[in-house]
Amino acid sequence: MKVTILGGGLAAISLAYELQKRKEIENITILEKEETLGGLCRSYDLNGVKYDAGPHIIFSKDQEVLELMKNLLEGNIHQTRRSNRIIHKGILVQYPFENDLSKLPLEDKELAVNAFVHNPYENYEPKNMLQFFLKTFGEGITNLYLRPYNEKIWKFDPSFMNTKMVDRIPKPPKEDILRSANGETVDGYLHQLYFNYPNEGATFSLIQSYLNKLTDKVSVITGCNLKEIEKNSNEYVIKYNKKEIKCDRIVSTIPICELVDLVKDEEQNIQKVAKDLKYNSIMIITIQVSKDLAGDNFAFMVADKDVIFHRISKIDFLGEKYHKNNTVTYMAEITYREKDINDMKTDEEIVDSVVQGLKKINFIDDETSIIDSDIIRFKYAYVVYDLNHQQNMDILRKHYTKMGIYLHGRFGDFEYLNMDQVIRKSIDQGKDFK
Ligand SMILES: Cc1cc2nc3c(=O)[nH]c(=O)nc-3n(C[C@H](O)[C@H](O)[C@H](O)COP(=O)(O)OP(=O)(O)OC[C@H]3O[C@@H](n4cnc5c(N)ncnc54)[C@H](O)[C@@H]3O)c2cc1C
């Protein structure tokens, strides 16, 4: 059996790694658009400091996957304790917000506790993300932090998003909220309290570790401009650049809204459904400055709409190989959508807005401390679970299963998947693949 995998990110590479073990598979070809593999797991360099497209930490509830990632990295990995903060009205509140209420200004704290204890939304069945927040945390915590932060990152009203992202968040017990308001900071989201990260080489080193273990059953073609996919009886013909490849099976890890344009004579309804899927793009702005005003912390969430980024991370926190003497490297993340106000800004304007944001949160005194900056953009970064997502994906999955095209990966299967979940699906597909 000959298999072609469209796209060359983690989903493609981890699946190729699993499929190469299968005797009946003769060869596997990965077709990647860019010159470099890795997709969202690619890493970049600013004056010797390696960084990711948003810091990619390694954590998982899935022990088998976590062990696999550690084994692949062969010792190039270390564990760190999370130290994340929310910047609320200039105050650092420990993440998650509800576990450190005593840090809030008195009137915000009283609002948060009162609305949690006397919550009129408690007995409703939530039908969207906003309703879930109101039911689970009350109006105070929702309006002080959850609502503005989620509006900022999703660029989408949470009442138009379903509960898939949030419905596993447990409702905090009343006692925990009261303890947190009385000054006892409680650790939350324990599965990611400790996380792993490569000692050097940033997240791409995980991709490189996989690549090192691919056998000659797997070939990789980069710089591949896919043109058309056609199904002839039992065989697929994929046209790219000025060539074509024939295979028995296709796995698509490329965004499904782009796959529909490649499939010859694709049904119009399928095109329409795929184009209705919502996603966010991201800009990653990395800035090196001369003075550390962030303390021994890693990521900071900023819900304030006057600050352009929703999250800023101090890369130095990830280990000595990510620190350059006499500098601090910050990474700001800004989500956007095609033709929105951020998309229309030039790189210079974006960097300038990030600098204004850094000043507002007191991470720099003035522009003179800036040494260098860099900006990268990813069109496909976050799957948005809007109210139509499930229905749209049910239609698309049914259609491509019938066609014999396997959908895989964050945008291939259009699910909000972290690296561990992508790898889990690769392991499972590697076993079930027919
Ligand atoms: C800001 C951010 C932070 C994240 N942080 C974490 C984290 O801390 N921990 C974690 O576990 N996960 C994290 N993730 C998730 C992680 O990046 C993904 O789970 C993983 O990279 C998905 O891999 P993929 O192969 O499915 O998709 P992608 O990486 O998107 O790969 C798709 C590939 O297809 C290629 N492609 C697209 N179109 C075509 C085409 N027409 N022809 C050929 N090739 C094409 C692309 O170039 C790309 O290489 C984060 C993601 C983002 C955006």
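A nonpolar core is a set of buried Ala, Val, Leu, Ile, Met, Phe, Trp, Tyr and Cys residues joined through C-beta atoms within 7 Å. Buried here means that 20 or more other C-beta atoms lie within 10 Å of a residue's own, exposed means 12 or fewer, and partly exposed is in between, with C-beta atoms placed from the backbone. What you're looking at is a predicted model, where local features need pLDDT of at least 70, side-chain atom pairs count only at pLDDT 80 or more, and totals for chains, interfaces and linings use all residues. Residues are numbered from 1 along each chain as its sequence is written.

**The core**
- The largest nonpolar core has 126 residues, and Ile5, Ala16, Ile256 and Val354 have the most contacts inside it.
- Helix H4 (residues 129-154) is its top contributor, giving 13 residues; helices (H or I, at least four residues) are DSSP runs, numbered from the N terminus.
- Setting aside neighbours within four places in sequence, Ala16 is in contact with Ile5, Ile28, Ile30, Leu214 and Val218 (contact: C-beta atoms, placed from the backbone, within 7 Å).

**Helix H11**
- Met419, Val422, Ile423, Lys425 and Ser426 are the buried residues of H11.
- Looking down the axis of H11, these fall within an arc of 160°, so they line one face of the helix (the arc is that of the directions from the helix axis to the C-beta atoms).
- The face turned away from that buried side carries the exposed Asp428, Lys431 and Asp432.
- Helix H1 (10-19) and helix H2 (63-73) are among what covers the buried residues of H11.

Note on methods. Helices (H or I, at least four residues) and strands (E, at least two) are DSSP runs, numbered from the N terminus. Two residues are in contact if their C-beta atoms, placed from the backbone, lie within 7 Å.
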